Amino acid sequence: MNGNAPVSDQSAPRVRIRNIDKNNLDFVLSNTSLSVANSLRRVMIAEVPTMAIDLVEFHENTTVLADEYLAHRLGLIPLVSHSTEGFKYTRDCVCAEYCKECSVEFTLHVKCTESGTRTVYSSELISSNKEVTPVLESEDDRGIILVKMRKGQELNIHCIAKKGVAKEHSKWSPCAAVAFEYDPHNNLRHSDYWYEKSIKEEWPLSKNALEEQESDPNMPFDFKAEPTTFYFNVETIGSLEPQRVIMTATRVMQEKFGDLQVALDVPQDQDASANMDDGEPWV
């Protein structure tokens, strides 16, 4: 992924990493089209599979939060998803409801027996699979607050985490945000700014403007010009590393293009296609 590495095909897309850390990756994608770059952004957000709590069974809940409220909070807890590829989607599994091949079980049983407030954290969830656990920033991190309890209150739940993607529900998204920009100087005039006095004062340029030159306003405008350089900043929630999110998204796109190519190569029955107006399916 190093943009300085030799590239045999000069027409191939190039990636240059500007900054990378645990949950953030800043890179430049060049030598490609806007449609491809935007597709990569959408796939990173919505089609990279992760694990998330999908079913919650309440055995006891005498806290101040309703079952539905707690179930929603549990579903949004980021889970370490490095081993997601080893799990099946529930729809592809042969089990009746859930099993170890398509899900991970979590249990939590807490009762406040002392005066004062008892805070329950996501780190207290007990997982049946040591590779799928709530995301923690460090060994001392207790995780996300689930609920606060008072003396006599009890919470006893059983949860099932399943594999999914964010186009089904946002809880499966590995990304907190994916920043995306091109043409920071607006040389292509794709953006129409609203301003009162001065565009430059009211719409300051981003750091990406240092990567490109501003066009001469006195030169003729090229109506056929298209963007070829795109600036990404991928911020993840900890379930997957940002570089893994990008690589997985790239693979998902390749699979989609492969499926499309196979579908186009298969000759269609003209007689069957002629009946589409009558509601008949393709064969």
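Visitor: Why does Asp54 count as partly exposed?

Guide: The relative accessibility of Asp54 is 32%. Buried means under 20% relative accessible area, exposed means over 50%, and partly exposed is in between (1.4 Å probe, protein chains only); Asp54 therefore counts as partly exposed. The model is a predicted one, in which local features need pLDDT of at least 70 and side-chain atom pairs count only at pLDDT 80 or more, whereas totals for chains, interfaces and linings use all residues. Residues are numbered from 1 along each chain as its sequence is written, and side-chain values use heavy atoms, with hydrogens and water left out.

Visitor: What makes the pair of Lys171 and Asp54 a salt bridge?

Guide: The closest N and O atoms of Lys171 and Asp54 are 2.9 Å apart. A salt bridge requires a side-chain nitrogen of Lys or Arg within 4 Å of a carboxyl oxygen of Asp or Glu, so this pair qualifies. The two partners come from distant parts of the chain, 117 residues apart: Lys171 is in the loop between E8 and E9, and Asp54 is in strand E3. Helices (H or I, at least four residues) and strands (E, at least two) are DSSP runs, numbered from the N terminus.

Visitor: Is Lys171 called buried or exposed, and on what value?

Guide: Lys171 has a relative accessible area of 15% and is therefore called buried.

Visitor: How do you know that Lys167 and Glu47 form a salt bridge, and which parts of the chain does the pair link?

Guide: Their side chains meet at 3.8 Å, N to O. Lys167 is in the loop between E8 and strand E9 (175-182), and Glu47 is in the loop between helix H1 (34-46) and E3, 120 residues apart. Lys167 is called exposed because its relative accessible area is 58%.

Visitor: What separates Glu255 and Arg251 along helix H4?

Guide: Both belong to helix H4 (residues 242-265), and they are four residues apart, which means a separation of about one helical turn. Glu255 has a relative accessible area of 44% and Arg251 a relative accessibility of 34%, so each is called partly exposed.

Visitor: How many salt bridges does a search of the whole structure find, and which residues are linked in a network?

Guide: The search finds 13 salt bridges. A network of salt bridges links Arg16, Arg18, Asp26, Lys207 and Glu211.

Visitor: What makes a set of residues a nonpolar core, and which residues have the most contacts inside the largest one?

Guide: A nonpolar core is a set of buried Ala, Val, Leu, Ile, Met, Phe, Trp, Tyr and Cys residues joined through side-chain atoms within 4.5 Å. The largest has 22 residues, and those with the most contacts inside it are Ile53, Leu74, Leu79, Phe106 and Leu108. Two or more residues come from each of strand E3 (50-61), helix H2 (67-75), strand E4 (103-111), strand E7 (145-149) and strand E8 (154-164). Apart from this core lies another, of 20 residues, including Val15, Met44, Phe232 and Leu240. In soluble globular proteins, nonpolar side chains tend to be buried together.

Visitor: Which residues is Leu79 in contact with, leaving aside its neighbours within four places in sequence?

Guide: Contact means heavy atoms within 4.5 Å. Among the partners of Leu79 are Met51, Ile53, Phe106, Val132, Pro134, Ala161 and Ser239.

Visitor: How do you know whether the chain is spread out or a compact globule?

Guide: The chain has five helices and ten strands. Its radius of gyration is 25 Å, well over the 19 Å given by the globule rule for 283 residues, so the chain is more spread out than a compact globule. The radius is taken over C-alpha atoms, and the rule is 2.2 Å times the number of residues to the power 0.38. The C-alpha atoms fill a box of roughly 75 × 65 × 40 Å along the principal axes. Buried residues make up 35% of the 283 residues.
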